[in-house]
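User: I would like to go through the labels attached to this model one at a time, setting each value against its definition.

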Amino acid sequence: MNILTLLIFIPLLFGLIIALMPSDWRSSFKYLTLLATLIQLGISIWIYLNFKTGVAYGGVVNESQFQFVQKLPWININLGSLGRMQMQYFVGIDGISITLLVMTSLVLVIAALSSWEIKSNLKGFFVLFLILDMAVLGVFCSLDFFLFYIFYELMLLPLYFLIGMWGGARREYAAIKFFLYTLFGSVFMLLVMIGLYLSVIDPATGSHTFNMVQMMNPANYMHGSIFSALSHYTLFGIQARTLGFVILFIAFAIKVPVVPLHTWLPDAHVEAPTPVSIILAAILLKIGGYGIIRICLGIFPDVASSGAYWLGLLGIISIIYGALNALAQRDLKRLIAYSSVSQMGFVLLGIASQTAEGLSGAVIQMVSHGFLSTMLFFLAGVVYNRVHDRDIYHFRGLGTLMPKYTVFVMIAFFASLGLPGFSAFIAEAFSLTGAFKSPSVNGLLPYWMAVCGAVGILLSACYFLWTLQRMFFGSISLKGGDVWKAALADLNFREIITLLPLAIVVFILGIMPSLVFDKINDSVLALVQFLHIVK
């Protein structure tokens, strides 16, 4: 069996085992879920260590850029005179995919450990958790658009129920809002996917194809088809390729999330249980960024270049708007949610620069934010699980009361605001370098965008340091008085072993970013070269 197939479907196997087990064995469900995620982490690390680098790619994107490939016939429908409709089970990874796979696998282990706080309907929770696990890994590995879409849509159902059944007081509202936002983007993505299928011919078979790698080669588009480079199809005066790019970008921008499509995120985070908040921030947001890089830039590079200014502008708006909203929050979880909007703006800014530095910065920002947001939401969950309150002004002097907890909070805060020596500094530095370089290299972005991005870093220091000062310094003052003081015990062993790997990883990536750069260099350079050729 292909190693990627094994990686994707291990959680489904464990989910079926849990579903078939008697409910009386509920205490073992969390251990089986943790075992599944640990096996996945081991497999992803093996793939990372065996991933080949130093391969030169030139010109058109092709299947040789992807490793651990498996391609099997899946759906084959005879349409008579119209030929055959074929979908393939086609998986493979490049340098961008492998870094996100490893990040996702470690985050899922942390999410599984944080799920031990769940007390009700354990079978349903862990089965849905493992289905979601399978779907997110499938998205990062899929190279057939139809397969990608199935995994992409499959994430919706478990997330809807995980928020709606195990969330907070307004969980139904948050779950429905999340579902409708995501479904809105997905429905129109389906139309673009069908249009691409009808536009692209596989040169090996002469049939239409959902193969995303074939869609990235302009030579495979039928002359006069809806999404060909010389297409005359328009809607409301907008050229078809431009419209296709915009629709796909909106679908992925909802996931990132990009302002003004972000409003589902704070509600979902506040109401979701801690493990679901971790998955939302650390993985779901990265699927949006990955989709923009893999599909929007890969399939519509010409439109991405012509619209780079607007992509960069949306990135800057997200950085500044998210940071200002974070400054205004009282709820710790909502503050972290808005900080995610701001931090993910650097991903869009790096992508918009279309330079090797900017795209590398965007990828490492996704990896870095995946680990840091996991750490932040887990830390927020620690306090909430003890006293069921997250209001920043209801706590003071936690540094004296919970010294171990405070150490990890300080690491997470200082790493997130871009302190040198941590992963976010490298990510933001390269994203801004790409934005600064873009005007002189390809003229896509103005210099002021990089300046505004730097202002966003300053604002992140403001809201993180202010929160640190309000909650952790000074004499002990708690809204719940002695009851809260007794309940706010310092970190236990499980919480320490959960947080420690995250703290170590963000530090190691800060001093050895080559662990990511060495894997992504070939893919990033190939993409930049492809963008310049098409442009």
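User: In which strand is Asn-76 found?

Analyst: Asn-76 is found in strand β1, which covers residues 67-78; strands here are DSSP runs of E with at least two residues, helices are DSSP runs of H or I with at least four, and both are numbered from the N terminus. This is a predicted model, in which local features need pLDDT of at least 70 and side-chain atom pairs count only at pLDDT 80 or more, while totals for chains, interfaces and linings use all residues. Residues are numbered from 1 along each chain as its sequence is written, and side-chain values use heavy atoms, with hydrogens and water left out.

User: Why does Asn-76 count as partly exposed?

Analyst: Buried means under 20% relative accessible area, exposed means over 50%, and partly exposed lies in between, with a 1.4 Å probe and protein chains only. Asn-76 has 48% relative accessibility and therefore counts as partly exposed.

User: What makes Ala-337 buried?

Analyst: Its relative accessible area is 0%, so Ala-337 is buried. Ala-337 lies in helix α14, and, not counting residues up to four places away in sequence, Ala-337 touches Leu-265, Pro-266, His-269 and Phe-377, where contact means heavy atoms within 4.5 Å. Ala-337 and Val-270 are 67 residues apart in sequence, and their C-alpha atoms are 8.2 Å apart in space.

User: Why are α13 and α14 called roughly antiparallel?

Analyst: Two packed helices are described by the angle between their axes and the distance between the axes. The axes are lines fitted to C-alpha atoms, for helices over the stretch in contact, and angles run from 0 to 180 degrees between N-to-C directions. Angles under 35 degrees count as roughly parallel, over 145 as roughly antiparallel, 65 to 115 as roughly perpendicular, and the rest as oblique. Helix α13 (residues 308-327) and helix α14 (residues 332-353) pack at about 160°, with axes 7 Å apart, and are therefore roughly antiparallel to each other. The contact involves, among them, Leu-311, Gly-315 and Ile-319 of α13 and Tyr-338, Val-341 and Gly-345 of α14.

User: What is the handedness of the crossing of α13 and α14?

Analyst: A crossing is left-handed if the near helix is turned anticlockwise from the far one by less than a right angle, and right-handed if clockwise; α13 passes α14 in a left-handed crossing.

User: Why are α4 and α6 roughly antiparallel to each other?

Analyst: The axes of helix α4 (residues 122-141) and helix α6 (residues 156-166) come within 9 Å and cross at roughly 150°, and the two helices are therefore roughly antiparallel to each other. The crossing of α4 past α6 is left-handed. Residues that meet include Phe-125, Leu-128 and Leu-132 in α4 and Leu-159, Leu-162 and Trp-166 in α6.

User: Is His-388 buried or exposed, and why?

Analyst: His-388 has 57% relative accessibility and therefore counts as exposed. His-388 lies in the loop between α15 and α16 (398-401), and its phi is near 55°, a positive value in a residue other than glycine.

User: Is Gln-354 buried or exposed, and why?

Analyst: With a relative accessible area of 1%, Gln-354 is therefore buried. Gln-354 is found in the loop between α14 and α15 (356-387), and has a positive phi of about 55° although it is not a glycine.
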